[in-house]
Amino acid sequence: MSASAVFILDVKGKPLISRNYKGDVAMSEIEHFMPLLMQREEEGALAPLLSRGRVHFLWIKHSNLYLVATTLKNANASLVYAFLYKTVEVFSEYFKELEEESIRDNFVIIYELLDELMDFGFPQTTDSKILQEYITQQGNKLETGKSRVPPTVTNAVSWRSEGIKYKKNEVFIDVIESVNLLVNANGSVLLSEIVGTIKLKVFLSGMPELRLGLNDRVLFELTGQAARTSLWELEDVKFHQCVRLSRFDNDRTISFIPPDGDFELMSYRLSTQVKPLIWIESVIEKFHSRVEIMVKAKGQFKKQSVANGVEISVPVPSDADSPRFKTSVGSAKYMPEKNVVIWNIKSFP
């Protein structure tokens with residue numbers, strides 16, 4: 001069970017465009033979405049899923065737009081949310097900026113895309129590069145003869161076109177990781193984890209099959225090999241649709257036929273003890289009519305490394321009036337709408 005209809009609303013809740021896929025939910029039900037949203041927000045019980053009777057609204061907000069899917073009974077919520085975010089990604093690829101104006105200016109193409117993205121409430125072709133092969137922003141000329149269905153639509157490898165050729169075959173891999181830390185007032189680390197993604201840029205001819213190996217603890221346990229390097233136990237692994245999941249389950253090998261160009265191969269999380277790269281200490285002194293906050297930042301990475309574009313947020317009271325600040329390095333800026341002082345350091349240390 002999946003989505004019955006999809007709506008794109010403006011910031012006031014007025015429908016800009018909609019597509020009814022199953023016909024089992026009245027299109028007029030969307031009129032109840034915004035009042036329900038505002039009511040839940042006032043009650044402090046706002047949730048990504050709102051219900052009214054037998055109708056459920058699964059929604060996300062992007063820029064000044066609401067993307068809402070309606071459904072009955074017990075739908076696959078994760079599938080619907082993944083589809084909504086994928087829809088935002090596809091529309092952004094087509095129109096650069098997804099906002100109310102771009103929806104109004106491109107409603108014909110959006111209707112075509114909605115027809116291809118989902119069929120009878122279930123996601124279909126959601127790869128923007130494949131969609132751009134036969135849904136373009138140029139005017140279509142009337143041609144006689146049989147219409148040609150792009151082979152990628154019926155091909156088993158729907159994310160890659162046939163006949164791709166390059167003079168020079170190249171693959172670029174980027175591993176991007178961010179560290180999340182939770183530290184208490186005493187300076188003890190309560191939670192530390194690494195969230196990472198592996199992104200590829202592929203310029204290969206034909207239909208190549210690639211294999212990628214990781215120093216995964218489960219892999220060495222399966223093969224009985226002694227590990228010479230440190231091992232990691234990957235959690236919350238999410239793959240691109242091109243990865244052969246059965247192969248990964250059997251021998252932990254990431255085998256795939258890649259899409260052409262840029263794409264995200266996988267994302268993961270590591271629950272491990274991580275030393276904070278930049279340690280922050282603060283001393284707060286309260287006086288009769290003012291508060292003084294002294295913040296110190298100390299780098300804990302290798303001396304030959306440099307951190308660029310460091311941004312430190314210092315929360316201040318909501319009733320702060322014209323705060324003054326002095327920095328030994330970098331610059332500071334007060335942002336009253338967020339009740340913080342942002343300390344920017346171009347190069348640290």
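Is Arg104 buried, partly exposed or exposed? At 46% relative accessibility, Arg104 counts as partly exposed (buried means under 20% relative accessible area, exposed over 50%, and partly exposed in between, with a 1.4 Å probe and protein chains only).

The model is predicted, so local features need pLDDT of at least 70 and side-chain atom pairs count only at pLDDT 80 or more, while totals for chains, interfaces and linings use all residues. Residues are numbered from 1 along each chain as its sequence is written, and side-chain values use heavy atoms, with hydrogens and water left out.

The protein chain has a mean pLDDT of 85, and 89% of its residues reach 70 or more (pLDDT is the predictor's confidence in each residue, from 0 to 100). Its secondary structure comes to eight helices and 18 strands (DSSP runs numbered from the N terminus: helices are H or I of at least four residues, strands E of at least two). Where pLDDT is low, the predicted coordinates should not be read in detail. Of the 349 residues of the protein chain, 35% count as buried.

Three strands form an open antiparallel sheet in the order β16-β18-β17 (two strands pair if DSSP finds at least two bridges between them). The edge strands, β16 (307–315) and β17 (331–335), each pair on one side only. Strands β17 and β18 (residues 340–348) are joined by five bridges in the antiparallel sense. In this pairing Ala332 stands opposite Trp343, and Tyr334 stands opposite Val341. The two strands form a hairpin with four residues between them, and Asn339 in the turn has a positive phi of about 55 degrees.

The structure holds ten salt bridges (a side-chain nitrogen of Lys or Arg within 4 Å of a carboxyl oxygen of Asp or Glu). One of them links Glu100 and Arg104 at 2.9 Å, N to O. These residues are separated by about one helical turn because they are four residues apart in helix α3 (residues 100–105). Glu100 is partly exposed at 22% relative accessibility. A salt bridge also connects Arg269 and Glu235 at 3.1 Å, N to O. Arg269 lies in strand β13 (residues 261–271) and Glu235 in strand β11 (residues 235–239), so the pair ties together parts that are 34 residues apart in sequence. Salt bridges with shared partners join Glu193, Glu235, Asp236 and Arg269 into one network.
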